[in-house]
Amino acid sequence: MKFTTIKPFLNLVIIVMITLIVTGIVLSQFTNNLFVLLLVLLTEFVVFMSLLHYIYDKYIKPIEKATVTLDELVKGNFRARMHHPVSGSMASLLMKINSLARSLSEISIHEKIVAEQLTTVIENIQSGLVLIDEKGYIHLVNKKFLSIFGKLEKDYIGYLYYDVMEQEKLHKTIQQTFLYEENVKDFVTLDAEVKQYFEIVSAPIFDERNIIKGVVLVLYDISDLKQLEVMRKDFVANVSHELKTPITSIRGFSETLLDDDLKDKEIARQFLGIINEESRRLQSLIQDLLTLSKLENEDSKLELTLVNTRKLIDDVIPVLKQQADQKGIQLIIDNDSEIDFLADLNGIKQVMINLVANAINYTPKDGRVTLNVKEEQDFIHLCVKDTGIGIPKEELPRIFERFYRVDKARSRNTGGTGLGLAIVKHIVELHKGMIEVESELNTGTTFHLYFPK
Ligand SMILES: Nc1ncnc2c1ncn2[C@@H]1O[C@H](COP(=O)(O)OP(=O)(O)OP(=O)(O)O)[C@@H](O)[C@H]1O
Ligand SMILES: [Mg+2]
C-alpha cells in the first residue's frame, strides 16, 4: 500500500481514535460503571472499524489498484488491466481505465505493424537509402546501401555523413540539398570489380513549420542502363565501320575506272568484279541488320507451323552442299527419323544455314561437317559439328555478340559480317530454346541447339 493512498485512511483512523477517547471522557462523566463504559467503547470501536473497512475496500483499494494499473500503462505495458469487485462510480472508473488500456494496446499494435511494414519496404527496396538529420548525423541506412559500399550499419549510424562517406559527390549533393532546400540530382561511379553507376537523388525533409529537419539520400543503380547505352554506342560505331569499308572500296575502284576511261578492258572487268563483290557484301550486311532489328523488335512474333525435319534438311542442304563441295569438305547429314515440331520455318532455316555455313567457312579443305537432328525427351536436338579451326576458350562467351569475330581478317575474307551467330541466338531464344557451344582449337567446333517440341 502506498503512503499517498494510506494517508487519508490514517487520518480516518486518527479521527476514530480521537472520537473514542472523547466518547470515553464524556461517558465517564455520566457513569462509573466500567463495564458499561467498555461495552459502549467496544461497540463504537467495532462499528467504526467496520465502517473503515467498508471505506477502504470500496474506495481506497480500487484507487490504489487504479494507480498501479496506470503506472504500468505509463511504462508502456498496455496489457495491464484492473480487476476489483466494485459498483457505482468506482465501477465506471474501472471500466474506463480498462477500456483506455485496450485502446492503447490496439494503437500500439497498429503502430508496430506500420513500423514493421515501413522497415520491410526500406530494407527491401533495390535502391540505397540514407537518412541524415539537420546536424548531418546519419540515422538510418538500408541493406542495399550497405551492400553497395560493403560496410556495416555500425560504421554509419550516429556518425556525421562527411566523416563516413568517402565519395565527394555524395557530400556535395547533400550539402546542396541543405543549402537550397530542394531536390538535388547527380551521378556517381564506383570502381568495384565491375564498374557500377548510380544516380543519386537527395531530398530535403521539412517539419510542420517548414523548417528543414534533415535529408534523405537515395542511390539508384543504373549500371544496366549505362551498359545498354555503351552497347548502343558500340553498335552504331560498328555499323558505321562495317559500312565504311565496302563503300570506300566501291568509291575508290569506281573513281579509278572513271579516270581511266575504261581503256584497259581486263582491268576494268577486274575492278567491276570487286565493286560487285563489295556491293553484295553491303547488301548482305544490310539484310542481316534488318533481320536483327526485326528479331529484336518487341512485337516480333514467330510464325509457328509444324516443321518436318526431313523436309527442312532437304530445303537447306543443296546450297550448303555446293559450298562444301567447292571447298572440298565432306558434308554429312545424320537424320534417320522424321520428326515434326512447332517452329518458325524461315527462322529455323536461317539458323541451320548460318551454323552450317560457319562450319564450312571455318573448316579447312578435306575437313568434315556433320549435321545431326535427334528427338530427345522434351526437345529437338540439332547439332552442327565440324573439324575446323576451332575457337579459343576465352573467346567462346563473346561469339554471339553482334559484329564479334575471332579472327577479323579471316572472317572478312569469307565475306562474314559477324552478325550470323547473333541472329541464330535471337531466333533460338524466341523459340524458348537453348544454344551451347564446345570447341577445341585446331580440332573442331560443335554447336548444340535445343528446341522445345
Ligand atoms: N564453326 C566455327 N568454327 C570456328 N569459328 C567459328 C565458327 N562459327 C563461328 N566462329 C567464329 O565466330 C565468329 C562469329 O560468327 P558469325 O557467324 O556471327 O559471324 P561471321 O561468320 O564472321 O559472319 P556472318 O555474319 O556472315 O556469319 C566468326 O567470325 C568466327 O570467328
Ligand atoms: Mg557466320
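Visitor: Let's start with Asp-315. Why is Asp-315 called partly exposed?

Guide: Asp-315 has a relative accessible area of 34%. Buried means under 20% and exposed means over 50%, with partly exposed in between, so Asp-315 is partly exposed. Please keep in mind that this is a predicted model.

Visitor: What makes Asp-315 and Lys-349 a salt bridge?

Guide: Their side chains meet at 3.3 Å, N to O. The rule asks for a side-chain nitrogen of Lys or Arg within 4 Å of a carboxyl oxygen of Asp or Glu, so the pair of Asp-315 and Lys-349 counts as a salt bridge. Asp-315 lies in helix H9 (residues 309-327) and Lys-349 in helix H10 (residues 345-361), so the pair ties together parts that are 34 residues apart in sequence. Asp-315 and Lys-349 are also linked with Lys-311 in a network of salt bridges.

Visitor: How many salt bridges does the rule give?

Guide: The count comes to 17 salt bridges.

Visitor: What makes Lys-75 and Glu-72 a salt bridge?

Guide: The closest N and O atoms of Lys-75 and Glu-72 are 3.2 Å apart, and the cut-off is within 4 Å, so the pair qualifies. Both residues lie in helix H2 (residues 34-75), 3 residues apart, about one turn of the helix.

Visitor: Which residue forms a salt bridge with Arg-251?

Guide: That is Glu-255, with the closest N and O atoms 3.1 Å apart. Arg-251 and Glu-255 both lie in helix H7, 4 residues apart, about one turn of the helix. Arg-251 counts as exposed because its relative accessibility is 54%, while Glu-255 is partly exposed at 38%.

Visitor: Where does Asp-261 lie, and why is Asp-261 called exposed?

Guide: Asp-261 lies in the loop between helix H7 (223-260) and helix H8 (265-296). Its relative accessibility is 59%, and the limit is over 50%, so Asp-261 counts as exposed.

Visitor: Which residues form the negative surface patch?

Guide: Asp-259, Asp-260, Asp-261, Asp-264 and Glu-266 form it. Asp and Glu count as negative, so the patch is called negative.

Conventions. Residues numbered from 1 in each chain as written. Chains lettered and ligands numbered in written order. Predicted model: local features only at pLDDT ≥ 70, side-chain atom pairs only at ≥ 80, totals over all residues. Heavy atoms only, no water. Patch = residues over 30% accessible without salt bridge, like charges linked within 9 Å, V, L, I, M, F, W, Y side chains within 5 Å. Areas by Shrake-Rupley, 256 points an atom, 1.4 Å probe, with all protein chains shown as cover. Charge placed at Lys NZ, Arg CZ, Asp CG, Glu CD. Helix = DSSP H or I, 4+ residues; strand = E, 2+ residues; numbered from the N terminus. Buried < 20%, exposed > 50% of the residue type's maximum accessible area, 1.4 Å probe, protein only.
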